[in-house]
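Colleague: I have a model open and would like to learn how to read it. Can you walk me through the features one at a time?

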Amino acid sequence: MASNGGNADAAEGLELAEDQIKLLEENFMKVSKHPDETTLMLIAAECGLSEEDTAKWFKQRNAQWRQSEGLPAELGSVMD
C-alpha cells in the first residue's frame, strides 16, 4: 500500500485504523473532496468516526492534495 504513504499526514492528530483511512480515501477520491454536511455525516458513520474528526481529516487531506497539485493549501476561488 505504498500509494497511501502520504496519507498519514492527513490524519495528523487523529488515530485512525487502516480500514478507516481506506474508507476516507475512497470517499475523498470517488465521492467528494468537499462533502456537504449530510455526506460528511454518512462518511463519519461509515467510518465509525465523529463528524468533527471526519471534517478535520477532510480539511487536512484537502490541504495536502492542493499542495501536491501546486495550489495554495487553503481553499481559494477554484473548486474541484
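Modeller: Start with Glu51, which is found in helix 4. Helices (H or I, at least four residues) and strands (E, at least two) are DSSP runs, numbered from the N terminus. This is a predicted model, in which local features need pLDDT of at least 70, side-chain atom pairs count only at pLDDT 80 or more, and totals for chains, interfaces and linings use all residues. Residues are numbered from 1 along each chain as its sequence is written, and side-chain values use heavy atoms, with hydrogens and water left out.

Colleague: Why does Glu51 count as partly exposed?

Modeller: Buried means under 20% relative accessible area, exposed over 50%, and partly exposed in between (1.4 Å probe, protein chains only). Glu51 has 34% relative accessibility, so it is partly exposed.

Colleague: Which residues gather with Glu51 in a patch of negative charge?

Modeller: A patch takes residues with over 30% relative accessible area and no salt bridge, and joins like charges within 9 Å. Asp and Glu count as negative, Lys and Arg as positive; His and the chain ends are not counted. The place of a charge is CG of Asp, CD of Glu, NZ of Lys or CZ of Arg. Here the surface patch brings together Asp36, Glu37, Glu51, Glu52 and Asp53. Helix 4 (residues 51-68) gives the most, with 3 residues.

Colleague: How many salt bridges does a search of the whole structure find?

Modeller: The term means a side-chain nitrogen of Lys or Arg within 4 Å of a carboxyl oxygen of Asp or Glu. The search finds 1. Arg61 pairs with Glu25, and their closest N and O atoms are 2.7 Å apart. The pair links distant parts of the chain, with Arg61 in helix 4 and Glu25 in helix 2 (residues 18-31), 36 residues apart.

Colleague: Are Arg61 and Glu25 buried or exposed?

Modeller: Both are buried. Arg61 has a relative accessible area of 10%, which is why it counts as buried. Look at Phe28 as well: Arg61 and Phe28 are 33 residues apart in sequence, yet 8.4 Å apart in space, C-alpha to C-alpha.

Colleague: Next, a neighbour in sequence. What is Asn62 in contact with, leaving aside its neighbours within four places?

Modeller: Contact means heavy atoms within 4.5 Å. With those neighbours set aside, Asn62 touches Phe28, Lys33 and His34. Asn62 also lies in helix 4. Its relative accessible area is 9%, so Asn62 is buried.

Colleague: Now the whole chain. What pattern does it follow along the sequence?

Modeller: The pattern is α-α-α-α, from 4 helices and 0 strands. Of its 80 residues, 34% count as buried. Among contacts between residues at least 6 apart in sequence, 58% join residues at least 24 apart.

Colleague: How much of the accessible surface belongs to carbon and sulfur atoms?

Modeller: Accessible areas come from the Shrake-Rupley method with a 1.4 Å probe; for residues, only the protein chains shown count as cover. The total for this chain is about 5,200 Å², and 51% of that belongs to carbon and sulfur atoms.

Methods:
Patch = residues over 30% accessible without salt bridge, like charges linked within 9 Å, V, L, I, M, F, W, Y side chains within 5 Å.
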